[in-house]
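I opened this entry to record what I looked up in the structure. My notes follow the display.

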Amino acid sequence: MDWKRSKSSWENQMRFAAPIKFFQACCIAAAILFGTMRAGAQTNAFAFPAIGTYSNVLNYAVSNVTVVVFYVWAYNTNGTQNFFGTSSSSSTGPTNKYQLDQLIIVPGLEYLLGGICTNASIDKSRGIIVDVLCGIVNQTIGVETYALLYSDDTVQLVEKS
Amino acid sequence: MTTPFSWSKNPDGTYSVPDFSNYSTKLTGTIPFYIPNLKWARVEVSGATNAVEDTFYNPPSNPIDSTGCLDLPLAYATNSASSGGSYGLKITLFDNNTFQIFDGDGNQIPETPFVLEMAKDSNNAYITVNGGDSGRGYMLQSSSDMKNWTNGAVQFVSPLPEAAAVPPTFSWPLASANQMFFRTATTNTVPTD
């Protein structure tokens with residue numbers, strides 16, 4: 001038996017089972033008047049960023065980048081592989097995509113590759129692989145997450161005549 | 001790989017760094033959201049596909065990554081049905097001591113209310129708790145005077161989809177239940193299996 005029964009069965013119940021009527025009426029009143037109560041206060045509610053579209057997610061991602069990591073793979077002149085890496089971090093994120101790409105990452109790449117250009121032990125003719133990962137530093141536990149934005153590029157040698 | 005950049009060897013034997021004026025990063029396939037003190041999360045996807053990420057529903061699926069961030073696949077996060085896209089999202093979080101639900105646009109949405117349903121046989125009354133959102137903690141409370149309420153054990157709404165979940169039913173001796181009121185009270189408790 002439940003509250004969704006037909007009117008006729010409801011009337012039948014009212015006529016022949018008075019104690020249950022009281023019980024059921026009380027339960028209904030409790031459910032309707034009081035609904036669901038909350039036990040304990042809620043604090044520090046999280047405000048989710050605007051998402052749902054590519055531009056919203058891009059805005060969220062760019063503004064939350066607090067660490068940029070650079071990886072470069074190259075070959076030494078003796079044929080062995082070499083790896084270079086560095087990172088930079090900030091307590092606040094960039095204000096827009098151009099700032100992230102051209103004013104933060106590109107200078108870092110130019111600095112890193114500038115060093116490789118003058119490194120005689122690197123075989124420039126074989127090109128290099130450059131990966132850049134942009135992520136969040138979890139300020140509470142100091143863990144870095146590299147998953148907001150990235151690039152995965154190759155740099156190939158062109159000889160000027 | 002994207003379009004390669006090139007560096008050049010100059011006539012004097014030196015090398016020049018590439019021109020990065022066209023350099024651009026792109027969004028990764030999974031977008032992390034740092035939510036302080038995130039304890040539990042559940043992501044339900046509907047629309048173009050149906051999926052649930054919840055350790056209690058489908059272990060070891062977990063929308064929380066090893067660094068504690070909530071991860072959303074890019075396709076879901078950027079193509080919300082509430083913005084005219086293909087995927088409906090229901091993101092449920094428990095951080096600090098707060099239970100919250102968000103849609104695919106990141107807007108907070110109200111919780112599904114609990115609705116009590118009553119039944120009886122010759123010996124017992126049965127109170128079935130319908131509604132609520134997966135992972136929500138609650139207690140069934142009883143009172144004879146609607147002033148002093150007695151808490152039942154903490155329960156959690158099933159991680160199963162509503163259509164597959166069997167609502168929990170609590171039994172009471174009919175003689176005492178006849179004179180009692182019942183309600184649910186939510187608890188700010190981290191969900192457990």
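I began with a bridge in chain B: B:Ile127 has B:Phe170, in strand 15 of chain B, as its bridge partner. The model is predicted, so I kept its limits in view: local features need pLDDT of at least 70, side-chain atom pairs count only at pLDDT 80 or more, and totals for chains, interfaces and linings use all residues. Residues are numbered from 1 along each chain as its sequence is written, with chains lettered from A and ligands numbered from 1 in the order in which they are written.

I then followed the strands, taken as DSSP runs of E of at least two residues, with helices as runs of H or I of at least four, both numbered from the N terminus. Two strands pair if DSSP finds at least two bridges between them. Strand 11 (residues 124–131) of chain B is joined to strand 15 of chain B by five bridges, in the antiparallel sense. I placed both in an open, antiparallel sheet of three strands in chain B, ordered 10-11-15. Strand 10 (114–120) and strand 15 (169–173) of chain B are at the edges with a single partner strand each, so one side of each lacks a neighbour in the sheet.
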